[in-house]
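Hello,

Here is the structure I promised to pass on. Have a look at it first, and my notes follow below.

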Amino acid sequence: MHHVLSARQFEREELEELFDVADDIKETLSIPDGRRELAGRYVGDVLINEFYEPSTRTRHSFAVSAGRLGMIVDSTENAKVQSSAVKGETLEDTIRTLNALDPAMIVLRYHETGGADRAAAVSEVPIINAGDGKGEHPTQAILDAAIIKEKRGRLSDGTYVIGGDLLHGRTAKSLAQTLSLWENNHIIFVAIPELQISSDITMELESRGTSYEQTSDMYDALRRADAVYWTRPQLERYKNAGVSSDEGSPEGIRVDSEMIEMIRNAFVIDEAAMQVLPKASGVYHPLPRGKEISTTVDSDPRAHYFDQVRKGMHVRMALIDRIQSGRR
Ligand code: NCD
(Lines give C-alpha, C1' and ligand atoms only; values in the text may rest on other atoms or scores of the structure.)
Protein backbone atom coordinates (compact mmCIF):
# COMPACT_ATOMS: atom_id res chain seq x y z
CA MET A 1 0.00 0.00 0.00
CA HIS A 2 1.37 3.38 -0.92
CA HIS A 3 -1.08 6.27 -1.21
CA VAL A 4 -4.58 5.97 0.29
CA LEU A 5 -6.72 8.08 -2.02
CA SER A 6 -10.04 6.36 -2.63
CA ALA A 7 -12.22 3.61 -1.20
CA ARG A 8 -12.14 2.22 -4.72
CA GLN A 9 -8.55 1.04 -4.39
CA PHE A 10 -9.21 -1.58 -1.70
CA GLU A 11 -10.00 -5.25 -2.00
CA ARG A 12 -12.12 -7.08 0.51
CA GLU A 13 -9.30 -9.36 1.76
CA GLU A 14 -7.08 -6.36 2.41
CA LEU A 15 -9.76 -4.72 4.55
CA GLU A 16 -10.55 -7.90 6.44
CA GLU A 17 -6.86 -8.21 7.29
CA LEU A 18 -6.84 -4.61 8.51
CA PHE A 19 -9.89 -5.26 10.70
CA ASP A 20 -8.06 -8.22 12.29
CA VAL A 21 -4.95 -6.14 12.93
CA ALA A 22 -7.14 -3.39 14.44
CA ASP A 23 -8.67 -5.97 16.80
CA ASP A 24 -5.20 -7.19 17.83
CA ILE A 25 -4.08 -3.61 18.43
CA LYS A 26 -7.13 -2.95 20.59
CA GLU A 27 -6.24 -6.01 22.65
CA THR A 28 -2.58 -5.01 22.93
CA LEU A 29 -3.50 -1.47 23.98
CA SER A 30 -5.50 -2.80 26.89
CA ILE A 31 -2.33 -4.12 28.59
CA PRO A 32 0.36 -1.70 29.90
CA ASP A 33 3.21 -3.80 28.47
CA GLY A 34 1.36 -3.94 25.17
CA ARG A 35 0.98 -0.17 25.10
CA ARG A 36 4.71 0.21 25.69
CA GLU A 37 5.52 -2.31 22.94
CA LEU A 38 3.34 -0.42 20.44
CA ALA A 39 4.85 2.91 21.47
CA GLY A 40 8.30 1.55 20.64
CA ARG A 41 7.40 0.46 17.15
CA TYR A 42 8.13 3.47 14.93
CA VAL A 43 10.07 5.80 17.19
CA GLY A 44 11.48 8.74 15.29
CA ASP A 45 9.29 8.31 12.20
CA VAL A 46 7.12 11.27 11.32
CA LEU A 47 3.46 11.67 10.41
CA ILE A 48 2.43 15.09 9.11
CA ASN A 49 -1.21 16.15 9.36
CA GLU A 50 -1.89 18.90 6.81
CA PHE A 51 -5.54 19.98 7.20
CA TYR A 52 -7.06 22.72 5.01
CA GLU A 53 -10.54 22.15 6.46
CA PRO A 54 -11.80 21.91 10.04
CA SER A 55 -11.58 18.54 11.73
CA THR A 56 -12.01 17.12 15.20
CA ARG A 57 -12.11 13.36 14.88
CA THR A 58 -9.93 12.66 11.88
CA ARG A 59 -7.02 14.89 12.89
CA HIS A 60 -6.97 13.82 16.54
CA SER A 61 -7.48 10.21 15.52
CA PHE A 62 -4.43 10.22 13.23
CA ALA A 63 -2.35 12.14 15.75
CA VAL A 64 -3.21 9.85 18.66
CA SER A 65 -2.86 6.72 16.53
CA ALA A 66 0.59 7.70 15.25
CA GLY A 67 1.65 8.82 18.75
CA ARG A 68 0.65 5.47 20.18
CA LEU A 69 2.95 3.85 17.63
CA GLY A 70 5.83 6.03 18.79
CA MET A 71 5.80 8.45 15.89
CA ILE A 72 6.46 12.17 15.88
CA VAL A 73 3.29 14.01 14.84
CA ASP A 74 3.37 17.44 13.24
CA SER A 75 0.00 19.07 12.52
CA THR A 76 -1.33 22.14 10.75
CA GLU A 77 -4.91 22.51 11.87
CA ASN A 78 -6.03 25.18 9.47
CA ALA A 79 -3.61 25.22 6.59
CA LYS A 80 -5.84 27.57 4.60
CA VAL A 81 -4.94 30.43 6.95
CA GLN A 82 -1.94 29.14 8.92
CA SER A 83 0.30 27.90 6.11
CA SER A 84 1.98 29.53 3.13
CA ALA A 85 -1.24 28.87 1.22
CA VAL A 86 -2.08 32.39 2.42
CA LYS A 87 0.93 33.66 0.49
CA GLY A 88 -0.23 31.87 -2.64
CA GLU A 89 1.81 28.69 -2.35
CA THR A 90 0.31 25.89 -4.40
CA LEU A 91 -0.72 22.58 -2.84
CA GLU A 92 1.93 20.91 -4.96
CA ASP A 93 4.72 23.10 -3.58
CA THR A 94 3.51 22.56 -0.02
CA ILE A 95 3.62 18.80 -0.55
CA ARG A 96 7.10 19.01 -2.14
CA THR A 97 8.23 21.01 0.90
CA LEU A 98 6.81 18.49 3.36
CA ASN A 99 8.47 15.67 1.39
CA ALA A 100 11.82 17.36 1.94
CA LEU A 101 11.39 16.75 5.68
CA ASP A 102 11.31 12.97 5.06
CA PRO A 103 8.07 12.12 6.83
CA ALA A 104 6.79 8.56 6.76
CA MET A 105 3.41 9.79 5.49
CA ILE A 106 1.32 12.90 4.97
CA VAL A 107 -2.34 12.95 6.01
CA LEU A 108 -4.10 15.56 3.89
CA ARG A 109 -7.53 17.11 4.23
CA TYR A 110 -8.26 19.47 1.35
CA HIS A 111 -11.21 21.69 0.50
CA GLU A 112 -11.33 20.79 -3.19
CA THR A 113 -12.23 17.47 -4.75
CA GLY A 114 -9.14 15.87 -6.26
CA GLY A 115 -6.74 17.52 -3.78
CA ALA A 116 -5.38 14.19 -2.58
CA ASP A 117 -4.73 13.02 -6.15
CA ARG A 118 -2.88 16.26 -6.90
CA ALA A 119 -0.77 15.79 -3.79
CA ALA A 120 -0.02 12.15 -4.61
CA ALA A 121 1.15 13.14 -8.09
CA VAL A 122 4.08 15.08 -6.59
CA SER A 123 4.72 13.07 -3.42
CA GLU A 124 7.35 10.40 -2.86
CA VAL A 125 5.88 9.57 0.54
CA PRO A 126 2.39 8.11 1.01
CA ILE A 127 -0.48 10.58 0.94
CA ILE A 128 -3.49 9.60 3.02
CA ASN A 129 -6.68 11.29 1.86
CA ALA A 130 -8.46 12.53 5.00
CA GLY A 131 -11.25 14.07 2.92
CA ASP A 132 -11.04 16.05 -0.31
CA GLY A 133 -13.96 18.42 -0.90
CA LYS A 134 -17.01 16.42 -1.89
CA GLY A 135 -14.80 13.63 -3.16
CA GLU A 136 -13.83 10.82 -0.82
CA HIS A 137 -12.79 9.98 2.72
CA PRO A 138 -11.42 6.44 2.44
CA THR A 139 -10.08 5.93 5.97
CA GLN A 140 -13.47 6.95 7.38
CA ALA A 141 -15.11 4.31 5.18
CA ILE A 142 -12.72 1.63 6.42
CA LEU A 143 -13.47 2.43 10.04
CA ASP A 144 -17.19 2.69 9.28
CA ALA A 145 -17.15 -0.78 7.73
CA ALA A 146 -15.10 -2.08 10.68
CA ILE A 147 -17.58 -0.86 13.29
CA ILE A 148 -20.57 -2.15 11.31
CA LYS A 149 -18.86 -5.53 11.08
CA GLU A 150 -18.16 -5.53 14.83
CA LYS A 151 -21.72 -4.63 15.77
CA ARG A 152 -23.55 -6.61 13.11
CA GLY A 153 -21.24 -9.60 12.92
CA ARG A 154 -20.76 -9.47 9.14
CA LEU A 155 -20.71 -7.11 6.21
CA SER A 156 -22.46 -9.27 3.61
CA ASP A 157 -26.20 -9.93 3.16
CA GLY A 158 -27.28 -6.58 4.52
CA THR A 159 -29.66 -3.76 3.76
CA TYR A 160 -27.78 -0.55 4.44
CA VAL A 161 -29.59 2.76 4.67
CA ILE A 162 -27.29 5.68 3.88
CA GLY A 163 -28.93 9.07 4.29
CA GLY A 164 -28.51 12.82 4.47
CA ASP A 165 -26.55 15.06 2.15
CA LEU A 166 -25.27 12.41 -0.22
CA LEU A 167 -24.31 14.81 -2.98
CA HIS A 168 -21.71 16.74 -1.00
CA GLY A 169 -20.91 14.19 1.72
CA ARG A 170 -17.69 12.33 1.00
CA THR A 171 -18.05 9.74 3.76
CA ALA A 172 -21.27 8.33 2.28
CA LYS A 173 -19.62 8.00 -1.13
CA SER A 174 -16.62 6.16 0.21
CA LEU A 175 -18.72 3.89 2.43
CA ALA A 176 -21.14 2.88 -0.34
CA GLN A 177 -18.21 1.76 -2.48
CA THR A 178 -16.64 -0.09 0.44
CA LEU A 179 -19.85 -1.97 1.26
CA SER A 180 -20.07 -3.10 -2.36
CA LEU A 181 -17.05 -5.35 -1.73
CA TRP A 182 -19.27 -7.79 0.20
CA GLU A 183 -21.90 -9.95 -1.44
CA ASN A 184 -25.69 -9.70 -1.37
CA ASN A 185 -25.84 -6.17 -0.08
CA HIS A 186 -28.57 -3.69 -0.88
CA ILE A 187 -28.12 0.03 -0.32
CA ILE A 188 -31.01 2.43 0.20
CA PHE A 189 -29.94 6.03 -0.34
CA VAL A 190 -32.24 8.42 1.53
CA ALA A 191 -32.06 12.08 0.49
CA ILE A 192 -34.12 14.86 -1.00
CA PRO A 193 -33.79 14.61 -4.80
CA GLU A 194 -31.42 17.62 -4.99
CA LEU A 195 -28.97 15.93 -2.61
CA GLN A 196 -29.08 12.35 -3.88
CA ILE A 197 -25.94 10.29 -4.41
CA SER A 198 -24.11 11.07 -7.65
CA SER A 199 -24.08 8.81 -10.69
CA ASP A 200 -20.35 8.06 -10.48
CA ILE A 201 -21.10 6.16 -7.28
CA THR A 202 -24.24 4.39 -8.51
CA MET A 203 -22.37 3.36 -11.67
CA GLU A 204 -19.59 1.93 -9.54
CA LEU A 205 -22.16 -0.05 -7.52
CA GLU A 206 -23.74 -1.35 -10.72
CA SER A 207 -20.38 -2.47 -12.07
CA ARG A 208 -19.77 -4.36 -8.81
CA GLY A 209 -23.23 -5.96 -8.80
CA THR A 210 -24.53 -4.20 -5.66
CA SER A 211 -28.23 -3.33 -5.82
CA TYR A 212 -29.46 0.03 -4.61
CA GLU A 213 -32.47 2.32 -4.55
CA GLN A 214 -32.89 6.05 -4.10
CA THR A 215 -35.77 7.42 -2.05
CA SER A 216 -36.88 10.23 0.21
CA ASP A 217 -39.09 7.94 2.31
CA MET A 218 -36.98 7.69 5.47
CA TYR A 219 -39.48 5.64 7.47
CA ASP A 220 -39.85 2.97 4.81
CA ALA A 221 -36.06 2.68 4.61
CA LEU A 222 -35.55 2.50 8.38
CA ARG A 223 -38.02 -0.37 8.71
CA ARG A 224 -35.82 -2.47 6.43
CA ALA A 225 -32.40 -1.42 7.74
CA ASP A 226 -29.71 -3.75 9.04
CA ALA A 227 -27.61 -0.62 9.58
CA VAL A 228 -28.31 3.08 9.22
CA TYR A 229 -25.55 5.51 8.26
CA TRP A 230 -26.67 9.09 8.74
CA THR A 231 -24.86 12.25 7.64
CA ARG A 232 -25.23 15.99 8.16
CA PRO A 233 -26.14 18.66 5.59
CA GLN A 234 -22.77 19.90 4.30
CA LEU A 235 -23.79 23.55 4.67
CA GLU A 236 -20.32 24.92 4.07
CA ARG A 237 -20.30 23.35 0.62
CA TYR A 238 -23.43 25.12 -0.65
CA LYS A 239 -23.37 28.22 -2.76
CA ASN A 240 -25.02 31.22 -1.06
CA ALA A 241 -25.17 29.10 2.04
CA GLY A 242 -25.75 32.08 4.28
CA VAL A 243 -23.39 30.51 6.81
CA SER A 244 -20.48 32.69 5.79
CA SER A 245 -20.05 36.04 4.12
CA ASP A 246 -18.62 34.55 0.93
CA GLU A 247 -20.35 32.74 -1.89
CA GLY A 248 -19.82 29.35 -0.27
CA SER A 249 -18.16 26.59 -2.23
CA PRO A 250 -18.07 26.60 -6.03
CA GLU A 251 -18.61 22.84 -5.88
CA GLY A 252 -22.01 22.93 -4.15
CA ILE A 253 -25.64 23.38 -5.14
CA ARG A 254 -27.20 26.83 -4.95
CA VAL A 255 -29.59 27.22 -2.03
CA ASP A 256 -31.54 29.97 -0.29
CA SER A 257 -32.21 30.21 3.42
CA GLU A 258 -35.64 28.58 3.08
CA MET A 259 -34.12 25.56 1.40
CA ILE A 260 -31.43 25.33 4.09
CA GLU A 261 -34.13 25.16 6.76
CA MET A 262 -35.91 22.48 4.76
CA ILE A 263 -32.69 20.46 4.40
CA ARG A 264 -31.86 20.82 8.09
CA ASN A 265 -35.22 19.40 9.11
CA ALA A 266 -35.67 16.90 6.30
CA PHE A 267 -34.55 13.66 7.94
CA VAL A 268 -34.31 13.60 11.70
CA ILE A 269 -33.67 10.35 13.53
CA ASP A 270 -35.47 10.77 16.83
CA GLU A 271 -37.25 8.42 19.23
CA ALA A 272 -40.17 7.99 16.83
CA ALA A 273 -37.82 6.97 14.05
CA MET A 274 -36.00 4.56 16.38
CA GLN A 275 -39.31 2.84 17.07
CA VAL A 276 -39.58 1.58 13.49
CA LEU A 277 -35.92 0.53 13.31
CA PRO A 278 -35.43 -3.25 13.79
CA LYS A 279 -34.01 -4.30 17.17
CA ALA A 280 -30.87 -5.82 15.65
CA SER A 281 -30.12 -2.75 13.57
CA GLY A 282 -27.65 0.02 14.42
CA VAL A 283 -27.20 3.74 13.84
CA TYR A 284 -23.86 5.13 12.68
CA HIS A 285 -22.70 8.65 11.84
CA PRO A 286 -19.24 9.98 10.89
CA LEU A 287 -19.94 13.04 13.07
CA PRO A 288 -20.17 15.96 13.58
CA ARG A 289 -23.95 15.83 13.78
CA GLY A 290 -26.40 18.63 13.48
CA LYS A 291 -30.10 18.17 14.06
CA GLU A 292 -30.27 14.94 12.06
CA ILE A 293 -29.80 12.65 15.06
CA SER A 294 -31.56 13.77 18.19
CA THR A 295 -29.47 13.52 21.37
CA THR A 296 -32.37 11.57 22.90
CA VAL A 297 -31.25 8.68 20.66
CA ASP A 298 -27.76 8.56 22.22
CA SER A 299 -28.78 6.28 25.08
CA ASP A 300 -30.41 3.75 22.73
CA PRO A 301 -28.24 0.59 22.61
CA ARG A 302 -28.42 0.78 18.81
CA ALA A 303 -26.64 4.18 18.72
CA HIS A 304 -23.03 3.37 17.83
CA TYR A 305 -21.55 6.69 16.66
CA PHE A 306 -19.23 7.29 19.59
CA ASP A 307 -17.96 3.70 19.54
CA GLN A 308 -17.30 4.41 15.89
CA VAL A 309 -14.73 7.05 16.89
CA ARG A 310 -12.93 4.59 19.17
CA LYS A 311 -12.91 2.02 16.41
CA GLY A 312 -11.38 4.65 14.13
CA MET A 313 -8.29 4.89 16.31
CA HIS A 314 -7.65 1.15 16.19
CA VAL A 315 -8.26 1.03 12.46
CA ARG A 316 -5.94 3.98 11.80
CA MET A 317 -3.23 2.42 13.94
CA ALA A 318 -3.59 -0.73 11.83
CA LEU A 319 -3.42 1.31 8.64
CA ILE A 320 -0.34 3.26 9.73
CA ASP A 321 1.28 -0.01 10.81
CA ARG A 322 0.53 -1.49 7.42
CA ILE A 323 2.02 1.46 5.53
CA GLN A 324 5.06 1.48 7.82
CA SER A 325 5.75 -2.22 7.40
CA GLY A 326 5.67 -1.72 3.63
CA ARG A 327 8.38 0.92 3.88
CA ARG A 328 10.86 -1.20 5.76
C1 NCD B 1 -16.71 13.97 8.07
C2 NCD B 1 -15.91 14.71 7.02
O3 NCD B 1 -15.08 15.56 7.33
O4 NCD B 1 -16.11 14.38 5.87
N5 NCD B 1 -16.22 13.96 9.34
C6 NCD B 1 -15.26 13.05 9.69
O7 NCD B 1 -14.20 13.01 9.12
N8 NCD B 1 -15.54 12.16 10.66
C9 NCD B 1 -18.16 14.24 8.02
C10 NCD B 1 -18.66 15.63 7.90
O11 NCD B 1 -17.93 16.60 7.99
O12 NCD B 1 -19.86 15.74 7.73
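Rings of Phe, Tyr and Trp (for Trp, the six-membered ring) are taken as a pair if their centres lie within 6.5 Å, and planes over 60 degrees apart make the pair edge-to-face. Please keep in mind that this is a predicted model.

By that criterion, the structure holds five aromatic pairs. One of them joins Trp230 and Phe267: the ring centres are 6.4 Å apart and the planes stand at 80°, so this pair is edge-to-face. Trp230 belongs to strand β8 (residues 227-230), while Phe267 sits in the loop between α11 (257-266) and α12 (271-276), so the pair ties together parts that are 37 residues apart in sequence. Trp230 is buried, at 0% relative accessibility, and Phe267 is buried as well, with a relative accessible area of 12%.

Another pair is formed by Tyr305 and Phe306, with centres 5.6 Å apart and planes at 65°, so it is also edge-to-face. Here the two partners fall into separate classes: Tyr305 counts as buried at 1% relative accessibility, whereas Phe306 counts as partly exposed at 48%.

I also looked at Arg302, which is found in the loop between β9 (283-284) and α13 (305-327). Is Arg302 buried or exposed? Its relative accessible area is 14%, and the cut-off for buried is under 20%, so Arg302 is buried. Apart from neighbours within four places in sequence, Arg302 is in contact with Met274, Leu277, Pro278, Lys279, Ser281, Gly282 and Val283.

Methods
Residues numbered from 1 in each chain as written. Predicted model: local features only at pLDDT ≥ 70, side-chain atom pairs only at ≥ 80, totals over all residues. Heavy atoms only, no water. Helix = DSSP H or I, 4+ residues; strand = E, 2+ residues; numbered from the N terminus. Buried < 20%, exposed > 50% of the residue type's maximum accessible area, 1.4 Å probe, protein only. Contact = heavy atoms within 4.5 Å. Phe/Tyr/Trp six-rings, centres within 6.5 Å; stacked < 30°, edge-to-face > 60°.
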